[in-house]
Every structure is written in C-alpha cells, then in structure tokens.
Amino acid sequence: MYIDTHCHYDMEHFNEGRLDLLYLLKQEFGIGQMIMPAVLAESNETMRRKVDFSRYPELLEGTGYTPEQLPKIWYAAGVHPTRIWGKHAASEAQWEGWIRKAAQEPDTIAIGEAGLDYHHPMDEDMTERQHRWFVKQLQIAEEMDLPLIFHIRMASEDALRVMERFALRRGGVVHCYCEGWDMAQKFLDRGLMLGIGGALTLPKMSELREAVKKAPLSSLLIETDAPYVNPIWELEALEQSKAKAMEAAGNSGDTEAAKAAAATVNPSDTEAAKAAAATVKPSGTEAVKVAAATVKPGDTEAAKAAAATAAAGGTRAAGAGIAQALTGAPTRHPAEATPADAEIWRRWNGINTSRNIPEFVRIIAEMKGISTEKVLAQTNENAARLFRIDVG
C-alpha cells in the first residue's frame with residue numbers, strides 16, 4: 001500500500017470525476033491512504049464535505065462505490081501562508097476557530113499547511129501576517145500535541161528562526177522540499193522530515209537530488225501535492241495537450257483562439273490563461289479575452305466557450321476542434337479500467353495525481369541503490385511514526 005502524504009482532492013480541479021479517480025488510485029495504483037492539508041481557512045470547514053465518504057454517505061449514493069473501495073483520507077488543519085489575504089483581516093478570529101475545531105477531529109493528524117512563502121511579492125503587512133499566522137499555527141500544534149506540515153518557499157532561514165521558539169515535540173515535515181543538502185541538514189537537525197515529490201524529476205533540481213541521496217531514508221515522506229508540482233512526465237503531457245489544442249484550432253484558421261484555449265488546458269494555471277488572453281489581437285472578440293482570463297481551475301468548459309465564441313479567424317470550427325482536443329470522457333466504467341487505459345486517464349492528462357507515487361518510490365530507490373520494497377516500507381513507517389496512523 002502506498003501513502004500520498006500531501007494532496008488536495010477537495011479542490012475543484014477534481015470536481016468532475018473525483019470518485020472515479022479516487023477509485024482508480026486505490027484499485028489500480030495501490031494508493032491506500034492520503035493526507036489532505038487545509039489551504040484556505042474555510043477549507044477546515046468545507047473539505048470533508050467533498051471527500052469524507054463515511055461522514056457524508058450521500059456523496060456515494062447511486063455511484064456503486066463504498067468507502068472501503070476508496071483511499072482512507074486523513075486531514076491537517078491550518079491555513080496556507082499565501083492565503084492570509086489582508087482583506088480578510090476581520091475574519092481572523094473565525095479562522096482560528098475553524099482551525100481549532102478541525103484540529104480536534106479524530107481524523108485530523110497534523111496542523112498545516114503552516115509556514116512562510118516569499119515566492120510572491122509582498123508588502124510589509126503581508127509579511128507580518130504570514131509570520132503571525134505561522135507562529136499561531138505553531139502554538140496550536142504545541143497545544144494540541146500534533147505534528148506540523150510546513151509550507152516553506154524561499155524563506156527557509158526565516159522559518160528556522162521562527163521555529164527556534166518552539167520545541168516541535170511532535171516534529172513535522174517540510175512539504176515539497178526543493179533545496180539542497182546543507183539546508184536539508186538544518187531541517188533534519190530540528191527533527192523534521194522532508195516531503196519528496198514531483199520536483200525531484202525536474203532537470204534543474206540537481207541539488208535536491210543530492211539531498212535525497214544523502215538524507216537518511218528514515219527522514220523521507222512521499223507526496224504529490226496533487227494537483228500541483230507536476231513531475232516532468234506530466235509537464236510533457238501537458239505540453240502535448242496544448243500543442244494538440246493549438247493544432248486543432250490552427251487548422252481551422254483561428255490560431256489566436258487556440259492560444260487562449262490551449263492556455264486553459266492546465267487546470268491550475270489561471271495566470272497562463274490570462275497571459276494568453278492578453279495576446280489575442282484586437283480583431284479577436286472580447287468573448288475570448290473574458291473567457292480565458294476568468295477561467296476557473298479545472299474549468300475546461302470555459303476553455304471550450306472561449307474557443308467556440310472566437311471570431312478572430314471568422315470561424316467557429318476552431319471551437320469544435322479545441323473542444324475535442326481538450327475533452328475525453330471515459331468510455332468504460334472505472335472498474336473495467338487498467339492504468340494503461342488512455343481513455344480513462346485522458347481527463348487527467350497533464351495533471352499531477354497520486355498515480356505518480358509508485359514512480360517516485362522507484363526513483364528514490366534507484367537513487368539510493370536499494371529496492372523499491374525497502375523504500376516503500378520505510379517511508380510508510382515514517383508516515384506512521386510522524387502522524388500516528390495505522391498503515392497496515
């Protein structure tokens with residue numbers, strides 16, 4: 001059995017076909033357990049309503065699925081450092097209430113995602129808010145005797161300085177670790193584990209690969225951060241999907257519509273959609289710009305709408321071409337599918353899912369010169385030890 005120690009299947013990327021995907025992940029790829037941290041503060045209140053099939057049995061009504069056929073899902077209560085929006089300042093007391101309430105649930109096994117993220121430009125107020133909420137979540141974890149799931153991006157030294165004020169008795173994991181061995185040692189010295197996933201496969205991540213080689217296997221957890229942090233093969237699939245969409249529309253004479261629609265193929269990349277929309281020539285219709293710029297994550301319907309209403313080339317044929325390139329509903333019930341079934345998986349082409357966990361295990365085993373069985377057994381034991389869960 002594999003464990004994905006960090007994923008987000010409550011997100012709207014998975015609204016269409018969530019149950020089919022979860023079923024396949026367990027039945028075909030052996031993903032028996034998952035850990036889902038909160039991102040938005042309100043996620044602490046809402047995410048169980050999408051994936052807690054035992055508490056909300058109505059989610060499975062008429063589907064033919066049972067909770068036992070799907071992965072066991074655990075939760076982390078918290079708020080992501082990039083979701084501490086200033087406009088919500090008046091809601092902070094409510095946020096903390098949601099987090100504390102969720103932290104008391106028996107299936108909540110950690111606090112997170114907590115941390116610092118300097119990747120996006122921030123003003124002084126946002127920096128202060130990130131630090132304040134990082135400290136608050138460290139305090140909650142200490143009070144409730146829970147480990148932490150850390151989100152730390154371009155802020156490792158600052159994060160370590162904040163951590164110095166806390167004992168971190170239950171430890172934690174630095175989710176999506178992407179740095180080198182020197183920084184890894186500092187986290188390991190604090191008794192933390194490293195969450196390893198798709199970044200390991202990217203060509204530019206040589207320092208991360210060195211860190212994974214040197215780090216004790218007893219300090220590693222395997223994760224995907226689905227639907228984010230695509231491994232290289234998902235990125236390549238995504239580019240192929242974009243190319244097909246552009247070709248389909250380009251053959252109809254509407255290349256500008258193709259750019260706008262192809263940009264939405266990646267359900268998590270709304271910025272790409274906006275950038276593509278900005279390149280639409282003045283002769284293109286406002287409908288293309290608006291639909292592409294406002295597309296929501298996972299909303300391929302918006303992509304189809306953008307293409308179908310385009311008139312830059314004077315044709316609607318582009319819409320049909322892009323729609324065909326973007327969509328591919330399963331032709332069979334998931335119970336009949338195999339991992340190699342292209343029709344079943346086309347919906348998730350270019351989107352990171354827990355199906356990549358076995359491959360991450362294989363890569364780590366190859367890097368360390370040990371068996372995949374040893375990597376799987378030890379990383380499962382690591383998860384059991386940190387989160388106090390039964391991994392069977």
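This is a predicted model: local features need pLDDT of at least 70, side-chain atom pairs count only at pLDDT 80 or more; totals for chains, interfaces and linings use all residues.
## Aromatic pairs

A pair of aromatic rings is described by the distance of the centres and the angle of the planes. Searching the whole structure turns up 6 aromatic pairs. In one of them, Tyr9 and Phe14 have ring centres 4.7 Å apart and planes at 45°, so this pair is tilted. Both Tyr9 and Phe14 are buried.

Another pair to look at is Tyr177 with Phe187. Their ring centres lie 6.2 Å apart and the planes meet at 85°; being over 60 degrees, that angle makes the pair edge-to-face. Tyr177 belongs to the loop between β6 (172–175) and α7 (181–189), while Phe187 is in helix α7, so the pair ties together parts 10 residues apart in sequence. Tyr177 is buried, with a relative accessible area of 3%, and Phe187 is buried too, at 0%.

## Charges over rings

Two tryptophans are worth a visit here. The ring of Trp74 has the charged end of Lys72 over it, 4.5 Å from the ring centre. Over the face of Trp133 lies Lys136, at 5.3 Å from the centre of the ring.

## Packing of α5 and α6

Two packed helices are described by the angle between their axes and the distance between the axes. For helix α5 (residues 124–144) and helix α6 (residues 156–163), the angle is about 45° and the axes are 11 Å apart. That angle makes α5 oblique to α6, and their crossing is right-handed.

And who meets whom? On the α5 side, His131, Phe134, Val135 and Leu138 meet Asp158, Ala159, Val162 and Met163 of α6.

Note on methods:
Residues are numbered from 1 along each chain as its sequence is written. Side-chain values use heavy atoms; hydrogens and water are left out. Rings of Phe, Tyr and Trp (its six-membered ring) pair if their centres lie within 6.5 Å; planes under 30 degrees apart count as stacked, over 60 as edge-to-face and the rest as tilted. Buried means under 20% relative accessible area, exposed over 50%, partly exposed in between (1.4 Å probe, protein chains only). Helices (H or I, at least four residues) and strands (E, at least two) are DSSP runs, numbered from the N terminus. A charge sits over a ring if NZ of Lys or CZ of Arg is within 6 Å of the ring centre and within 35 degrees of the ring normal. Axes are lines fitted to C-alpha atoms, for helices over the stretch in contact, and angles run from 0 to 180 degrees between N-to-C directions. Angles under 35 degrees count as roughly parallel, over 145 as roughly antiparallel, 65 to 115 as roughly perpendicular and the rest as oblique. A crossing is left-handed if the near helix is turned anticlockwise from the far one by less than a right angle, and right-handed if clockwise. Contact means heavy atoms within 4.5 Å.
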